[in-house]
Amino acid sequence: AQLVESGGGLVQAGGSLKLSCTTPGRIFSSHVMGWFRQAPGKERGFVALVRWNGQNTRYADSVKGRFTISRENVNTVNLEMNNLKPEDTAVYYCARGTQYSTSANDYTVWGQGTQVTVSS
């Protein structure tokens, strides 16, 4: 893995967490940065993405209005998660691609993942 996620942890329902993803080099305007998550026994699913050039964003319906993806600097992308729910519990992965896509198959560089656990 070339991307490094941080910021996961245990939080009560209704709480907030901020995940960060750092790349070893700068993120270029041709890149799209995405966040995905995988819960036990489920497939890895799309959460949010940002196009580095123009900063267009897209969110999964399940997180709209609660999660915000943003650029912090030339090599860091964040995912701010508010009003967390138990169903948000998963390993969260950062990924880099070049297509404005919600499919994990379109992302070629991944992080190792960070655990987010939301208790009820």
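Two strands count as paired if DSSP finds at least two bridges between them. The model described here is predicted.

**Strand β8 and its partners**

Strand β8 covers residues 76-81. β7 and β8 pair in the antiparallel sense, with 6 bridges, and 2 residues lie between these strands in a hairpin. β3 and β8 also pair in the antiparallel sense, over 6 bridges. The table gives one bridge from each pairing.

| Residue | Bridge partner in β8 |
|---|---|
| I69 | L79 |
| K18 | E80 |

Of the 6 residues of β8, 5 are buried, so the strand is mostly covered, buried meaning under 20% relative accessible area.

In soluble globular proteins, nonpolar side chains tend to be buried together. Here the largest nonpolar core has 35 residues, and V77, L79 and M81 are among those with the most contacts inside it, along with M33, W35 and Y92. Elements that give two or more residues to this core include β3, β7, β8 and β9. Leaving out residues up to four places away in sequence, M81 touches several residues, among them L17, L19, F67, Y92 and V116.

**The disulfide**

A disulfide is a covalent bond between the sulfur atoms of two cysteines. The whole structure holds 1 disulfide. C21 and C94 form this link, with their sulfur atoms 2.0 Å apart. C21 lies in β3 and C94 in β9, 73 residues apart, and the pair links distant parts of the chain. The link is left-handed, with -75° about the S-S bond. C21 counts as buried because its relative accessibility is 0%; C94 is also buried, with a relative accessible area of 0%.

Terms used:
Residues are numbered from 1 along each chain as its sequence is written. This is a predicted model: local features need pLDDT of at least 70, side-chain atom pairs count only at pLDDT 80 or more; totals for chains, interfaces and linings use all residues. Side-chain values use heavy atoms; hydrogens and water are left out. A disulfide is a pair of cysteine sulfur atoms within 2.5 Å. Helices (H or I, at least four residues) and strands (E, at least two) are DSSP runs, numbered from the N terminus. Buried means under 20% relative accessible area, exposed over 50%, partly exposed in between (1.4 Å probe, protein chains only). A nonpolar core is a set of buried Ala, Val, Leu, Ile, Met, Phe, Trp, Tyr and Cys residues joined through side-chain atoms within 4.5 Å. Contact means heavy atoms within 4.5 Å.
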